[in-house]
Each structure stands twice: as C-alpha cells, then as structure tokens.
Amino acid sequence: MDVLNVVRSARRPLAVASMAAVVAALAACYVVPIDPRTGQAVPAQTPVAMPAPAAPLVFTARLYPANDLASGFGVVHASVTNDLQGRGTFNTVIGGESFSGEATRKAGSSREGLANGAGNRGGYITCAYTMNSATMGSGTCRLSSGALFSMHVGN
C-alpha cells in the first residue's frame, strides 16, 4: 500500500504540471474567424459610428398683450423646449407667477400644437400655436384671469 501512495503522489504534480503547460500554451492564443468559402481569415471590421441623438431645441416665445387684462403685464417672455418627438416643455413668468407645463403637437399635424402651464399660485395658461417653419411660429395664449396674449415663437 505504501508503494501505491508513492505512485499516486507522483502523478499529482505531473497532472498539475501538464495542466499548467496547456494553460500557458493557450494564453497567447486568440480566435480568428475563418471564411468557410475561402478558408482564409476574415478581416477585422471597423466599427460603424452611430450618429448621436439630436439634442432638444429651445425656442424663445414672446407674448404680447392682446386685451386690456393683459396690457398691465407688458411683453412676456417664455421658453419652449422641443424634444423632437412632438412634445416639449413650456415655461414663463407672468405677474410674478411661474407657469410650467407641456407643449404638444396636435394629432396628425406637424405644425399645430397646444401648450399648457400650471402656475405656482394656482393660475394656469393655455396656448394654441402654429409653426410656420421648423423654428418660427405664432399663436395665442390665455391666462385663467382672462388676459389674452398674441404669441410669437422663434428667435
């Protein structure tokens, strides 16, 4: 039995050494795809650069008083951020009240849309607009107080 243990203990280092030799031999290898039609290595392909998604567009809007209730506010500035998916955000400050909300194109139209905002003091604003080009448009806005504005969108 003592001889058998000696033989077994001699095999373990040999097995470990064999495995180490196989691992060392394969460590520097890599797989090269072969074209089965030609038997030649397939050349590496250059990755194709994908264009970056378009950044949202920010438009300024000017709201001009269109009735006596709006005349006390003067010209009001607003901003619309278009996410280029038919939606955006709408922000303005009128008479010290901050309004924020959404701007959305009407269903089936690439030009007409609505913008609505809620005020931090309980008021609201509703606007309807038509884009005459990708960056310019016009419309009207009405405050919950009845103040009416003529809106011009674009720089």
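A residue counts as buried when its relative accessible area is under 20%, as exposed when that value is over 50%, and as partly exposed in between. Keep those cut-offs in mind for this predicted model, starting with F149: its relative accessible area is 0%, so F149 is buried.

F73 lies in the loop between helix 2 (68-71) and strand 2, while F149 lies in strand 8 (residues 148-153), so the pair ties together parts that are 76 residues apart in sequence. Is F73 buried or partly exposed? With a relative accessible area of 34%, F73 is partly exposed.

**The salt bridge**

There's 1 salt bridge to look at. R87 and E102 form it, and their closest N and O atoms are 2.0 Å apart. The two partners come from distant parts of the chain: R87 sits in strand 3 (residues 87-94) and E102 in strand 4 (residues 97-105), 15 residues apart. How does the accessibility work out here? R87 comes in at 44%, so R87 is partly exposed. E102 has 39% relative accessibility, so E102 is partly exposed too.

**N82 and its contacts**

R87 turns up again among the neighbours of N82. N82 itself is found in strand 2 (residues 76-82). Its relative accessible area is 13%; because the cut-off for buried is under 20%, N82 is buried. Which residues does N82 touch, leaving aside those up to four places away in sequence? They are P56, L57, F59, R87, G88 and R105.

Here are the accessibility values side by side:

| Residue | Relative accessible area | Class |
|---|---|---|
| R87 | 44% | partly exposed |
| E102 | 39% | partly exposed |
| F73 | 34% | partly exposed |
| N82 | 13% | buried |
| F149 | 0% | buried |

**The disulfide**

Searching the whole structure turns up 1 disulfide. It joins C127 to C141, with an S to S distance of 2.1 Å. This link also connects distant parts of the chain, with C127 in strand 6 (residues 124-131) and C141 in strand 7 (residues 137-143), 14 residues apart. Which hand does the C127 and C141 link have? It's right-handed, with 110° about the S-S bond. As for accessibility, C127 and C141 are both buried.

How values were computed. Residues numbered from 1 in each chain as written. Predicted model: local features only at pLDDT ≥ 70, side-chain atom pairs only at ≥ 80, totals over all residues. Heavy atoms only, no water. Salt bridge = Lys/Arg side-chain N within 4 Å of Asp/Glu carboxyl O. Helix = DSSP H or I, 4+ residues; strand = E, 2+ residues; numbered from the N terminus. Buried < 20%, exposed > 50% of the residue type's maximum accessible area, 1.4 Å probe, protein only. Contact = heavy atoms within 4.5 Å. Disulfide = S-S within 2.5 Å.
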